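Here are my notes on the model you sent.

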Amino acid sequence: MPEKTIESINIKRIEILDQAGETDEALMPSLAEADIRCLYELLVLSRAFDQRALSLQREGRLGTYASILGQEASQVGSAYALEQQDWVFPSFRETGVHIARGYPAELLFAYWAGDERGMQAPEGLNIFPISIAVGTHIPHAVGAAMAIKYRGEKTAVAAYFGDGATSKGDFHEGFNMAGVYRLPVVFICQNNQWAISIPRERQSAARTLAQKAFAYGFEGIQVDGNDIFAVYKVTRDALRKARDGGGPTFIECHTYRMAHHTTADDSTRYRHDREVELWKPRDPLARLQSFMEKKGLWTEQYRAEAEARARTIIDDAVKKAEAMPRPDPGDMFTYTYAAPSSRQRRQQGAL
Ligand SMILES: Cc1ncc(C[n+]2csc(CCOP(=O)(O)OP(=O)(O)O)c2C)c(N)n1
């Protein structure tokens, strides 16, 4: 009997904007100048939030916080491609997604200060509470996509997670179901090279994470996650495909976590400074800035104004978050189960 190749795999990687701010015109998505400015300002705002959250945590005003420094293009670029009706299932490191969707910054600060009411999305913002448990929201996102398909709606779901989540059972179960039923879901992995202290090469022996989709019968694609135009284009195309009945896509955003895992971690104990140094020139914000400068869309004055606007928004959000009346401890019970268990009732009585 002859030996035949019955399947083969091709994984694409998309890059559009290089470090010098030059673009590949053939791949460049059509974006008006106003969109480009908006993307830049969302990056600035996300970074301002991040910096402030880190300082507030150090002052004891937030509990703990997972920085997004270096990952802003993966987050803002992908979120910018969403339509208002689309649903987002975030993990704990998606502040840039929340900000790009217009989630009130005061609610994010309140959440990281330990107030669960911060995860109650305002009406019309289709964004689920963040999942601290790694990957457990992937099947939830797939379930939502199943409901959308069942109802015949023209809506897509975006599920965000890290490289570590791709080793979880939830990931494989979710991917399997999404593939079998061709569900309208886009899986967005920010491969930031580390799952706390586990490096990417110890996470999986696969050459790319994108190729994991292949086994489930749908497309996996890798994108330069520090290139906002590439992330935007790949996500926009995948979301359109999902809404048009073309089924799921898995996007691996190849990026880097510049900060510690969270404010409770010390990354110097497991990774070399020279690795972090290597990624500094790939900064997503600096790259967009170089592009805009060449196009005459960026000046020092514009930067100063954008940063001042971001500072005002963040100052205001901190004030609002800290002025919120303290939550009622009874809420712990009210929002956990539809009907409290006998143990919960006992605990409730002890409050
Ligand atoms: C189910 C579960 N197991 C373990 C943890 C502890 N934990 C928190 S973050 C993390 C690593 C996550 O890495 P990755 O998915 O790559 O996301 P990143 O933090 O890099 O954004 C782990 C193991 C958890 N939160 N949930």
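How many bridges join β7 to β8? Six bridges do, and the two strands run parallel. The points below give the setting.

1. Basis. This is a predicted model, in which local features need pLDDT of at least 70 and side-chain atom pairs count only at pLDDT 80 or more, while totals for chains, interfaces and linings use all residues. Residues are numbered from 1 along each chain as its sequence is written, and side-chain values use heavy atoms, with hydrogens and water left out.

2. The sheet. Six strands form an open sheet in the order β1-β7-β8-β4-β3-β2, with parallel pairing. At its edges stand β1 (12-14) and β2 (87-89); each has a single partner strand, so one side of each lacks a neighbour in the sheet. On average, neighbouring strands are turned by 25° against each other, direction ignored. Strands (E, at least two residues) and helices (H or I, at least four) are DSSP runs numbered from the N terminus. Two strands count as paired if DSSP finds at least two bridges between them.

3. β1 pairs with β7 (residues 219-224) in the parallel sense over three bridges, and K12 stands opposite I221 in β7. At β2, three bridges make a parallel pairing with β3; there V88 has A158 of β3 as its bridge partner.

4. Pairing further in. β3 and β4 are parallel and share six bridges, with A158 opposite V186 in β4. Six bridges also pair β4 with β8 in the parallel sense, and N191 has H254 in β8 as its bridge partner. Within β8, C253 is the bridge partner of V223.

5. Helices. Helix α8 (residues 228-243) lies across β1, β4, β7 and β8 (249-254), running at about 160° to β7. Such angles run from 0 to 180 degrees between N-to-C directions, with axes fitted to C-alpha atoms, for helices over the stretch in contact. β7, α8 and β8 make a right-handed β-α-β unit, as do β3, helix α6 (residues 169-180) and β4. Right-handed means that, with the strands pointing away from the viewer, the path from the first strand over the helix to the second runs clockwise.

6. I188. This residue belongs to strand β4 and is buried, at a relative accessible area of 1%. Its C-alpha atom is separated by 6.2 Å from that of F250, 62 residues apart along the chain. Leaving aside neighbours within four places in sequence, I188 has contacts (heavy atoms within 4.5 Å) that include A158, F161, T235 and C253.

7. Aromatic rings. There are 21 aromatic pairs, a pair being two rings of Phe, Tyr or Trp (its six-membered ring) with centres within 6.5 Å. Ring pairs link F161, F171, F175, F187, Y216, F218 and F250 into a cluster. Elsewhere in the list, R282 lies over the face of W279, 4.3 Å from the ring centre; the rule asks for NZ of Lys or CZ of Arg within 6 Å of the ring centre and within 35 degrees of the ring normal.

Key
Phe/Tyr/Trp six-rings, centres within 6.5 Å; stacked < 30°, edge-to-face > 60°. Buried < 20%, exposed > 50% of the residue type's maximum accessible area, 1.4 Å probe, protein only.
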